[in-house]
Amino acid sequence: MKNIALVLVSLFVSMGINSSDLPASVSAEYFGCKLDEGKTLNDLNDWISEWNKWMNSTDLGDYEASLLTPLYRSPNDEIDFMWVGRTDTWQELFRGQSAYRASGLAATFPAASCPFQFIARQIPAGGANLEAELNEDEFVAAYWLCDMEEGKTLSDVHQAQVSRMNNVVKNGNKISSRIVVPRQGVPSVLRNNDFVMLYASPSLEQWGANIDNYQNNIEGKGDDNAGDGVFSCGNSTVYVGSSIR
């Protein structure tokens, strides 16, 4: 998978990020929305078809998008879906936003209320290449709220997570991870955490197999403890995703 109005202007300084120690990140936008009264996901899918036709008429080829619906999230009625868009650069992301705002499509979007909408960096953090096995109609995205231990940096987190994921994949799991660092528009649920860890599985069935295998063979062993003393993660939510562009 290539594929969540507070301005955190001091975020990178406070987290001690040295970008040269990290791989190239993806620029992402998140919109967690509720469908308008009387509208369903079918109406949203119809709108997405029109949006894709418009996108095909533009030169915004770098933009990719996924639609996530809550599977395990409490409360489960806070949002009906989450739109995640991704590009390689912020310039390209906001060039697309400018074109979309001028297109008139926003007036027909069937979800006027979006309780949270923010931008974030997605930093690849190890795991399997899922592209060949990805079920584009039913993959799994699990988000964990995480904090760094005192004195640690995002580079330390990345190194530890890559070590963990190498061990996870070596033991038979098909899963990948990304470190999500919110930037602007951060919702209240994320403001007390340093970052979010995203784990992607190529299908619901494989997600279950990953959990079984992790519990039986990896949990608490060897490199699984690479994050100890570096970062810790707590509450999590799980979404079923589909690739829409």
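1. A polar contact, as the term is used here, is a pair of N or O atoms within 3.5 Å; within protein, one must be able to donate a hydrogen and the other to accept it. The side chains of Arg-178 and Gln-122 make such a contact, at 2.6 Å. The model in which this pair is found is predicted.

2. Arg-178 belongs to strand E6, which covers residues 176-182. Arg-178 is buried but takes part in no salt bridge. Its nearest side chain of opposite charge is that of Glu-64, 6.8 Å away.

3. On the overall layout, the protein has five helices and eight strands. Read from the N terminus, the elements follow the order α-β-α-β-β-α-β-β-α-β-β-α-β. The protein has 245 residues, and 46% of them count as buried.

4. The peptide bond from Ser-74 to Pro-75 deserves a check by eye: this bond is cis, with omega near -5°. Most peptide bonds are trans. Pro-75 sits in the loop that runs between strand E2 (64-72) and strand E3 (81-87).

5. The largest pocket has a volume of about 660 Å³. Its lining is made of 22 residues, and Trp-144, Arg-164, Ile-175, Tyr-199 and Tyr-214 are those nearest its centre. At least two lining residues come from each of strand E5 (139-148), helix H4 (154-170), strand E7 (195-201), helix H5 (204-218) and strand E8 (231-243). By class, the lining of the largest pocket holds 12 nonpolar, seven polar and three charged residues.

6. Arg-164, one of the residues nearest the centre of the largest pocket, is placed in helix H4. Arg-164 counts as buried because its relative accessible area is 12%, under the 20% limit. Its side chain is joined to that of Tyr-199 by a polar contact of 3.1 Å. Tyr-199 is also among the residues nearest the centre of that pocket.

7. The second largest pocket contains about 440 Å³ of space. It is lined by 20 residues, with Glu-29, Phe-31, Trp-47, Gln-97 and Tyr-100 closest to the centre. Strand E1 (26-34), helix H2 (41-56), helix H3 (90-103) and strand E4 (113-127) each give two or more residues to this lining. H3 contributes the most, with five residues. The lining of the second largest pocket divides into 15 nonpolar, three polar and two charged residues.

8. How many salt bridges are found in the whole structure? The search gives six. One of them pairs Glu-50 with Lys-53, at 3.3 Å from N to O. The two residues are three apart in helix H2, which means that about one helical turn separates them. Glu-50 is partly exposed at 42% relative accessibility, whereas Lys-53 is exposed at 54%.

9. Asp-59, Glu-92 and Arg-95 form a network of salt bridges. Arg-95 pairs with Asp-59, the closest N and O atoms being 3.1 Å apart. Because Arg-95 lies in helix H3 and Asp-59 in the loop between H2 and E2, this pair ties together parts 36 residues apart in sequence. Arg-95 also pairs with Glu-92, at 2.9 Å between the closest N and O atoms. Arg-95 and Glu-92 are three residues apart in helix H3, and so about one helical turn separates them. Relative accessibility is 57% for Asp-59, which counts as exposed, 33% for the partly exposed Arg-95, and 17% for the buried Glu-92.

Key. Residues numbered from 1 in each chain as written. Predicted model: local features only at pLDDT ≥ 70, side-chain atom pairs only at ≥ 80, totals over all residues. Heavy atoms only, no water. Helix = DSSP H or I, 4+ residues; strand = E, 2+ residues; numbered from the N terminus. Buried < 20%, exposed > 50% of the residue type's maximum accessible area, 1.4 Å probe, protein only. Lys, Arg positive; Asp, Glu negative; His and termini not counted. Salt bridge = Lys/Arg side-chain N within 4 Å of Asp/Glu carboxyl O. 1 Å grid on protein atoms, 1.4 Å probe; cavity = no way out; pocket = protein on both sides within 12 Å on 5 of 7 lines; lining within 4 Å. Points joined across faces, edges and corners; volume = space filled by probe spheres on them. Nonpolar A, V, L, I, M, F, W, Y, C, P; charged D, E, K, R; others polar.
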